[in-house]
Amino acid sequence: MRTIVTIIALLAAVVGLQAMQERRQPLGLPPGATGNVLYVRSPEFMRRAALSYHALLADVYWIRAIQHYGGTKLTNDPSKQYDLLYPLLDLTTSLDPNFDIAYGFGSLFLAEPYPSGPGRPDLSIALLQKALRAQPDKWRFREDLGFIYYWWLNDYVTAADWFKRAGELPGAPNWLKPLAAVTLAQGGNVATSRTLWTEVFNTADQDWLRTQATFRLRQLDALDEIAALERVVEAYRARTGSLPRSWIDVIRAGYLTAPPADPAEYPLQLDSASGKVTLAGNSSLNPLPATTAPGAK
Amino acid sequence: MRVIRHIAVNVFKESVRDKVLYNLVVFAVLLISLSYLIGQLTAGQDMKIIKDLGLASISIFGLLIAIFIGIGLVWKEVERRSIYALLSKPMRRSELVLGKYCGLVLTLLINIAVMTIAFYALLAYINWVIDPAVRLSWPAPAVDPAMLKAIVLIVIELMLVTAIALFFSTFSSPFLSAILTIGIWVIGHFGADLRNFGGVVGSPVAAAVARGLYYVLPNFSAFDVKAQVVHGQAVPLGYVGLTSLYGLTYLALVLVGAVAIFSRRDFK
């Protein structure tokens, strides 16, 4: 009985001390140190060290990559760094070259602009090129490459080339070749972007990717709305000879019934000096992509 | 054969009484069950990690059983001096060694069967509760019979490791037997490096020695098809057959060596 009481008391003391420790200010790191550590970065070494458990080790590194990306993205640290993301993805895909989702998601994570991601489309391309060396017949990697060039680098010629090459592979969807042609002809317009993201939404088997596609489609809706409102402002100027001072003038002129809002319900801003329409600074749809809507300036 | 069977059943009964064995199997089944929770961390790759962790658990825990029971199989009899009583019975030394080996393999098979059943039960449960749309995204079905190919090769691999552990236990202490067995198992995964050694070093003699070692040492990496079955890639039955034949031939070689050493050993 006395032993049990002693054990319970010591356990309570341990838990209490841990709670006290958590309330204390954490020890700071020296300036420039992120606290992120990856002791082994060599894929060749890890592949050998893993013996016959390389697939399981790939899963461990994949979990680590997701935790690193998610944890860094959610932090409020103004100097946050995604310094381990590419090394972790490189290790994951070296240990398991058939780990398709690591290539696909990994390339999206890497390309996301800072602070949502490291903003490194060049590393996305490197990862997808690695995927193609491991699995040259997978059309999806070529499509993903085209996507990176299209969306993050605005290199529509290269994007169209990758869409075309993806479309030539067996099993590729039949919308890829027409997409290549449209991309080459019209570049980065909203309609092409909408086609891409709609296909991502329809074919995504992960919630994260569907959420991402929904967000991008709402951004494209915002671009369409902005373009339409700028045409309204232009029509107001043509009729009255001057730009409206605010949305109230536009409503009084009968062009709108209420102050416009973006798809995320944030009020759209009108610049009375230039007639340009923009998102509110605190809109969750910021920053909008560098894609032009039809009729936009 | 009757003597071997008697000894094998005896070894099996002794192993079943060993608490360490129960702990290992229970831990393996727990780990397989926990993989369901770990899978939630993988952004939609839960089926992959459950299969990877399940197959790896069967392999690792089987390896622990093979090594840590195998290294003591003969040594325990020598240490307890019960070897004299055994050898005074009307049986050959080869029957004792082979009986010990068969008993441990029987123990191993039963434990692997338990872990395999737990593994497939978990996969069947997940398959039952998951959204049908998610099922379509899997490269292979949850309750995939192809994984049995990986498990069969794991069994053959472990039978070979058991034979190697038994071989060393016929003449050395458990600690040394464990080190040597694990060492051979690790080196057996570097076959490709041994084969390609000539391309890295300038010395033709070193390259020849490495190439010789590549052929002589057991090639354990050949038994690993876990990644292929998880990704739904085909593993031809011919490959499984040839690799199994290689494993069984090699273990026969090791057992002959163990019997030869044990037969000549002087216990005075």
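What pattern does chain A follow, read along the sequence? Chain A follows α-α-α-α-α-α-α-α-α-α-α-α-β-β.

## Basis of the model

This is a predicted model, in which local features need pLDDT of at least 70, side-chain atom pairs count only at pLDDT 80 or more, and totals for chains, interfaces and linings use all residues. Residues are numbered from 1 along each chain as its sequence is written, while chains are lettered from A and ligands numbered from 1 in the order in which they are written.

## Overall form of chain A

Chain A contains 12 helices and two strands; helices (H or I, at least four residues) and strands (E, at least two) are DSSP runs, numbered from the N terminus. Chain A is more spread out than a compact globule, because its radius of gyration is 25 Å, well over the 19 Å that the globule rule gives for 297 residues. That radius is taken over C-alpha atoms, and the rule is 2.2 Å times the number of residues to the power 0.38.

Along its principal axes, the C-alpha trace of chain A spans about 90 × 55 × 40 Å. Of the 297 residues of chain A, 34% count as buried (20 or more other C-beta atoms within 10 Å of the residue's own, with C-beta atoms placed from the backbone). Among chain A contacts between residues at least 6 apart in sequence, 52% join residues at least 24 apart; a contact requires C-beta atoms, placed from the backbone, within 7 Å.

## Helix α7 of chain A

Helix α7 of chain A covers residues 139-152, and its 14 residues should span 20 Å at 1.5 Å a residue, which agrees with end C-alpha atoms 20 Å apart. The expected span is 1.5 Å times one less than the number of residues. Since 13 of the 14 residues of α7(A) are buried, this helix is largely enclosed by the rest of the structure. Just after α7(A), N154(A) takes a positive phi of about 50°.

## The nonpolar core

The largest nonpolar core has 129 residues, and those with the most contacts inside it include Y61(A), L85(A), V161(B) and A163(B). Such a core is a set of buried Ala, Val, Leu, Ile, Met, Phe, Trp, Tyr and Cys residues joined through C-beta atoms within 7 Å. Helix α8 of chain B (residues 147-169) gives the most to this core, with 17 residues. Not counting residues up to four places away in sequence, A163(B) touches Y101(B), L251(B), V254(B) and L255(B).

## The contact between chains

The contact takes 22 residues from chain B and 18 residues from chain A. On the side of chain B that touches chain A, α3(B) gives the most, with five residues.

Definitions and conventions:
A residue is buried if 20 or more other C-beta atoms lie within 10 Å of its own, exposed if 12 or fewer, and partly exposed in between; C-beta atoms are placed from the backbone. Two residues are in contact if their C-beta atoms, placed from the backbone, lie within 7 Å.
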